[in-house]
Structure formats: C-alpha cells, structure tokens
Amino acid sequence: MRSALTNGRILAPRGIVSGQTLLVSGGRIEALVPSTDGRCRDATVVDLCGRFLVPGFIDVQVNGGGGVLFNDEPSIDSIRAIGAAHRRFGTTGFLPTLISDDLDTIARAILAVQSAIDANVPGVLGIHIEGPFLNRARRGVHDSKHLRPLDPSLLSLLCRLRTGRTLLTLAPEITTPQMIAELTGAGILVSAGHSNATFAETISAINQGLRGFTHLFNAMAPLAPREPGIIGAALYDQRAWCGIIVDGHHVNPVILQLALRCKRHDRFMLVTDGMPPVGSTIPSFQLQGRTIRVVDGVCRDEHGTLAGTALDMAAAVRNCISLLGLDVAEAARMASEYPAEFLGLGSELGLIAPGYRANLALLDDTFKVVRTWINGRED
Ligand SMILES: [Zn+2]
C-alpha cells in the first residue's frame, strides 16, 4: 500500500521544496518525485493543502503530558498517554524521562519502557533517566533524598533496557571519568546536567564519551570570568549536543542566541522537559508530594523554583522562529534531525529522505500541527 502526499511544502535535506510528491510505503519514505511519476497512479493521494511537511519531532526529555507524570506511575499506560499528548504537537519520537527517584522506581521505569517498545507503543525510542546522580547544589526540583553518587554497582541496572536508547543525565563531578567511559562503552548515552562541573572536569567527561548537556544553562554553574565551567565547556567544545528549553522563561532568548553563535547549529536540540500540563488543562499537579502550579504557562513549586515546563514541541519550534530569529527549516531541524543524530538514529529518523521511517508532522502557516504520521500511520 503506497501513499502519495501531494501539494505540500516539504522539508527535504536540501531545504523546503514545493511541487513534489512524497511517496510513502511500508512505513518508510520511498521517494520525493514529480507528480507525473508513474508510482503516484496506484497510490492513495493525501492532499497536504499547501502546508509545511517536516520530519516528526523528537523530544529526548519528556517527564509527562496529558495530565500524567511518568514518575508517578512508570507503566506502559502512562507512556502511551504521554506519547499521545505530545503527538498532538508534532512529537513522533520521545524518551519518557524519569527524574531522580529510588532504584526500585528506576527499575520499574526501564521495564515499562521495554514493555512499551515491545508492544510498539507509538513514538517510544528509549528512556531518559535524569538523576539521581546529580549535584545537590544544582538539584532544582529533584528531591535531595534520592540523590546519590554513581558507583560501578549500578551499571547493570542502568544497562537493563535491551532495545531502544538509554540516556542518563548525571553530574560529571560526582562520578569518575572511568565510570563515564564504562557507561558509554556499554552503549548508554551520557549527558551532563544539574552540575557544577569545572571546565576541566567537563572536557575530561567529553573525552570519555559524554555526548550531551541537559537543558543547557538551567541547573548549572553559570559562566564566570575565571572558571568557564560546564557551560563554557558545552559552548567551547564542538563535539557534544546541547538540549535547550526555548519557552521564553527558562533561558533568556539573548543568551540562547549567543549560544547558537558559539558552535554548529546541529549540536543543539530542542527539548520540552514537558510535565503533565502538556496537552492538558490541569492548573497544577503533584511532583513527589509537592504541588506544582502552572501560572502563565510556567510550572513552579511553592518556592518559585522552575519545575519542568508546560511547553510542547510545536511551541518550542515557533519560539525558535519568533524569539531566536531562526527560519522554519532550521527550527524544525533542531526538533528532528539534530536530536536524531544525538540519539545515534540519524540514519533512520529526523529526515524526509528515501529509506527513512515515515515519521512526519504537518504544520499550518502559523506553525501549529494539524496532522502527524508515525511509521506511515496517521493517528
Ligand atoms: Zn532537570
């Protein structure tokens, strides 16, 4: 069964193209062809009505959505509900994200993600375990009772996911370069966050395989004149990816524009750090016994500490255009192609190109999502 997606503005690897038809078959992208191509004749035609067709968004930091928090009930049903909530905003690939919790909950979360992958729950690409190996001084809303150092005895727990990606956020200064090398050697993607690591500690971690930075600028030692620190290393070193929250609140847009001038754009990726309010109208939710309120689209605890976001990926893309001055193509790449590369999935996800999985989002002229496809299937 072949579909022919016609009459769209399609974000191809070479840029946005019009007047071409996208052929999809077997859940994969077959080709981008003129509408006169013979293969269009026996295909089911889908009229894109002149809208933007972009690669489906990939979000490596999703704590919750649709009123559900992954930490509350790390189950396949939670993952399904969270994925469905984010899909309405163009996310077709995501990592359910568990913030610092006890080891039993981490084990249950990994099991739930494995079950979700085995059951083909749409969009699940793996798990993000954020903490509990974080610096107490930069814990943010993470509960200090769960924080602990990372030692080799925990390696087997962290390696339990058989398929899909495991992303681990840790503070490099509370473990060792050797441990980071062991984790990356075991196939875990390691990202630095909630950290006061020095520049030297961070570069050493990158040399051992550290692959990314979790919500760059937030919950990190600030850039300082005599100690560039973790942020200085993230911007100076060209290898590792930076996850950024572009909601207009977590990081000043000027700071983000400065960051984008420091290194290749393909080393930045949009994350939502989304919480239960995404795709829901709930005014508050419980986070490990604390009430988090949503005021003007921002989630804070009773002390005013930011507690994730109510941001969806389509809004993040729009913010990149309106706040950072990026064009729609580059904003969409930061939400698809670049996170796919970060996850090591850049040969099958993140591009509209032959052989890639047909994970797609259709945006209207205001960059709101109107349709999505995962493996060629519309929801
Ligand atoms: Zn965090």
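**Zinc site and sheet**

Mentor: Glu130 (OE), His194 (NE2) and His215 (NE2) are the protein donors of the zinc ion, at 2.0 to 2.1 Å from it. Donors are N, O and S atoms within 2.8 Å of the metal (3.2 Å for Na, K and Ca); water is not among the atoms, so sites may look incomplete. This is a predicted model, in which local features need pLDDT of at least 70, side-chain atom pairs count only at pLDDT 80 or more, and totals for chains, interfaces and linings use all residues. Residues are numbered from 1 along each chain as its sequence is written, and side-chain values use heavy atoms, with hydrogens and water left out.

Trainee: What spacing do the donors of the zinc ion follow along the chain?

Mentor: The spacing is E-x63-H-x20-H. Glutamate 130 lies in strand S12 (residues 126–130) and histidine 194 in the loop between strand S14 (189–192) and helix H5 (199–207), 64 residues apart. Helices (H or I, at least four residues) and strands (E, at least two) are DSSP runs, numbered from the N terminus.

Trainee: Is glutamate 130 buried or exposed?

Mentor: Buried means under 20% relative accessible area, exposed over 50%, partly exposed in between (1.4 Å probe, protein chains only). Glutamate 130 is buried because its relative accessible area is 2%. Histidine 194, at 4%, is buried too, whereas leucine 258, at 46%, is partly exposed.

Trainee: In what order do the four strands of the open sheet run?

Mentor: Two strands pair if DSSP finds at least two bridges between them. Here the order is S5-S4-S1-S6, with mixed pairing. Strands S5 (28–33) and S6 (44–47) are the edges, each pairing on one side only. S4 (residues 21–25) pairs with S5 in the antiparallel sense over five bridges.
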